[in-house]
Amino acid sequence: MDKRSFIRVSLLGAAGLFAFSSRAKGIASRILRKAAGRRTDFVQPKLPYAFNALEPYIDGQTMELHYMQHHASYTQRFNEAAKALGIVEKPAREILADVSKYPEALRNNGGGYLNHVLFWNMMSPDGGGNPSGVLLEAINRDFHSVEAFQEQFNNAAKTVFGSGWAWLIVKDNRLVITTTQNQDNPLMDVVTDKGFPLLCLDVWEHAYYMKNQNRRPDYINAFWNVVNWDYVSKRYTFWQKKYAGIA
Ligand code: MN
């Protein structure tokens with residue numbers, strides 16, 4: 001082999017090696033990404049209805065911005081925060097239950113992620129009406145009537161100062177109405193009223209300002225027309241099976 005052939009073969013060999021190694025790197029990084037995804041990827045679930053499906057009670061433009069911008073951004077930042085902390089294979093609810101151990105970003109974005117997942121499911125174009133079955137019995141037991149429960153929930157939602165949420169939760173085996181600030185969730189170890197969330201209402205201005213401007217009570221009244229009582233009942237039944245009797 002003369003010097004020129006030697007250089008040519010070496011260059012070809014180096015090019016081949018480079019091509020191979022970059023392909024291998026591509027495959028390796030795909031596998032790593034997949035593994036990382038399995039560990040910390042919190043997915044924004046598909047909205048179970050069209051953006052405009054809750055009209056005239058909740059307008060389509062608000063729903064689209066709320067889901068596509070606000071919720072998508074909480075989801076992305078929750079993933080980033082969880083990845084940065086090396087949190088692996090932990091459901092969101094478990095992370096939130098220990099949220100005091102983590103930086104603020106996880107509290108805000110983890111709450112923002114889970115609260116909205118719950119909220120979308122709490123509503124339905126086929127919603128409204130009244131609760132029934134064991135949920136109705138529990139509401140009557142703890143609030144005397146559905147009307148009294150709604151009045152108390154409305155007052156709680158109206159009086160959240162600034163941004164936050166109104167909730168119906170199970171606490172110490174009783175139904176309780178509570179509120180949280182910002183994106184806090186009743187599952188978090190940092191809230192006053194810890195409990196299992198059954199129903200929630202987002203009272204951040206981004207949830208109603210385009211349609212109702214500063215009239216939060218109008219939005220709260222409209223909400224009852226789209227409440228998905230079937231889903232709320234399912235959550236109550238799940239709680240009964242899993243936690244009833246545990247103080
Ligand atoms: Mn929101």
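Aspartate 230 is placed in helix H9 (residues 229-243); helices (H or I, at least four residues) and strands (E, at least two) are DSSP runs, numbered from the N terminus. The model is predicted, with local features requiring pLDDT of at least 70 and side-chain atom pairs counted only at pLDDT 80 or more, whereas totals for chains, interfaces and linings use all residues. Residues are numbered from 1 along each chain as its sequence is written, and side-chain values use heavy atoms, with hydrogens and water left out. Aspartate 230 is exposed, at a relative accessible area of 59% (buried means under 20% relative accessible area, exposed over 50% and partly exposed in between, with a 1.4 Å probe and protein chains only). A separation of 9.9 Å was computed between the C-alpha atoms of aspartate 230 and aspartate 126, which are 104 residues apart along the chain.

By contrast, aspartate 142, in helix H5 (residues 133-143), is buried, with a relative accessible area of 15%. Its side chain forms polar contacts with the side chains of arginine 141, at 2.8 Å, and arginine 174, at 2.9 Å. A polar contact is a pair of N or O atoms within 3.5 Å; within protein, one must be able to donate a hydrogen and the other to accept it, and residues adjacent in sequence count only if both atoms are side-chain atoms. When neighbours within four places in sequence are left aside, aspartate 142 is in contact (heavy atoms within 4.5 Å) with Arg174 and Leu175.

Not counting residues up to four places away in sequence, phenylalanine 149 touches Ile139, Phe143, Leu168, Ile177, Leu199, Trp224 and Trp229.

An open sheet is formed by 3 strands in the order S2-S1-S3, with antiparallel pairing (two strands pair if DSSP finds at least two bridges between them). Strand S2 (174-181) and strand S3 (196-202) are the edge strands, each pairing on one side only. Strand S1 (residues 164-171) is joined to S3 by 6 bridges, and tryptophan 167 stands opposite cysteine 200 in S3.
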